[in-house]
Amino acid sequence: MTALWTDDLSVGDQGIDDDHIGLFELINDLSNASMTHGYINNILHQLARYTEEHFSKEEEHMRKFDFPGVEAHLAQHEEFVEWLTTIRKMYARFPQSPFVVGDAVNSYLQRWLREHILQEDMKYRDFILEQKQAS
Ligand SMILES: [Fe+2]
């Protein structure tokens, strides 16, 4: 599946949108890449940075607008962080299997895009939009 970011996915915050666009690009790149050790290492580092920077941006944004679903949303971010920790540990133990790890990362991110970005992120987006329209 090609991940295509369009303007209607904008959450109204440039920084968060840019991160989402970056992740869409990473997902597209990943499905066409040859899974070398260096490539997978690089992807895992990028994702680690993503969890540190992007998730806190979203948290700040949701809290700023008193989004009521913030705790449930953050629980999903936490799951992502745990998954990433597990996969990084696994890869450190089995560095001879970049293909297997690449495959696992690919399917997790595809699911994350479908179930988190396209659904959960859109919930706070819609909530904030309604707040802004009402005020
Ligand atoms: Fe999110």
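The side chains of Glu115 and Arg111 meet in a salt bridge, with N and O 3.1 Å apart; the term denotes a side-chain nitrogen of Lys or Arg within 4 Å of a carboxyl oxygen of Asp or Glu. Both residues belong to helix 4 (residues 98-134) and are separated by four residues, about one turn of the helix. Helices here are DSSP runs of H or I with at least four residues, numbered from the N terminus. Glu115 is partly exposed, at 37% relative accessibility, and Arg111 is also partly exposed, at 39%. Buried means under 20% relative accessible area, exposed means over 50%, and partly exposed lies in between, for a 1.4 Å probe and protein chains only.

The model is predicted: local features need pLDDT of at least 70 and side-chain atom pairs pLDDT 80 or more, while totals for chains, interfaces and linings use all residues. Residues are numbered from 1 along each chain as its sequence is written, and side-chain values use heavy atoms, leaving out hydrogens and water.

A search of the whole structure finds six salt bridges. One of them joins Lys57 to Asp19, with the closest N and O atoms 2.9 Å apart. This pair links distant parts of the chain, since Lys57 lies in helix 2 (residues 37-64) and Asp19 in helix 1 (residues 14-32), 38 residues apart. Lys57 is partly exposed at 32% relative accessibility, whereas Asp19 is buried at 16%.

Another salt bridge is formed by Arg63 and Glu59, whose closest N and O atoms are 3.0 Å apart. Both residues lie in helix 2, four residues apart, which is about one turn of the helix. Arg63 has a relative accessible area of 39% and is partly exposed; Glu59, at 27%, is partly exposed as well.

The largest nonpolar core has 39 residues, and Leu47, Phe80, Trp83, Val105 and Leu109 touch the most other members. Such a core is a set of buried Ala, Val, Leu, Ile, Met, Phe, Trp, Tyr and Cys residues joined through side-chain atoms within 4.5 Å. Helix 1, helix 2, helix 3 (70-93) and helix 4 each supply at least two residues of this core. Its largest share, ten residues, comes from helix 4.

Which residues does Phe80 touch, not counting residues up to four places away in sequence? They are Leu47, Thr51, Phe55, Tyr108, Leu109 and Trp112, where contact means heavy atoms within 4.5 Å.
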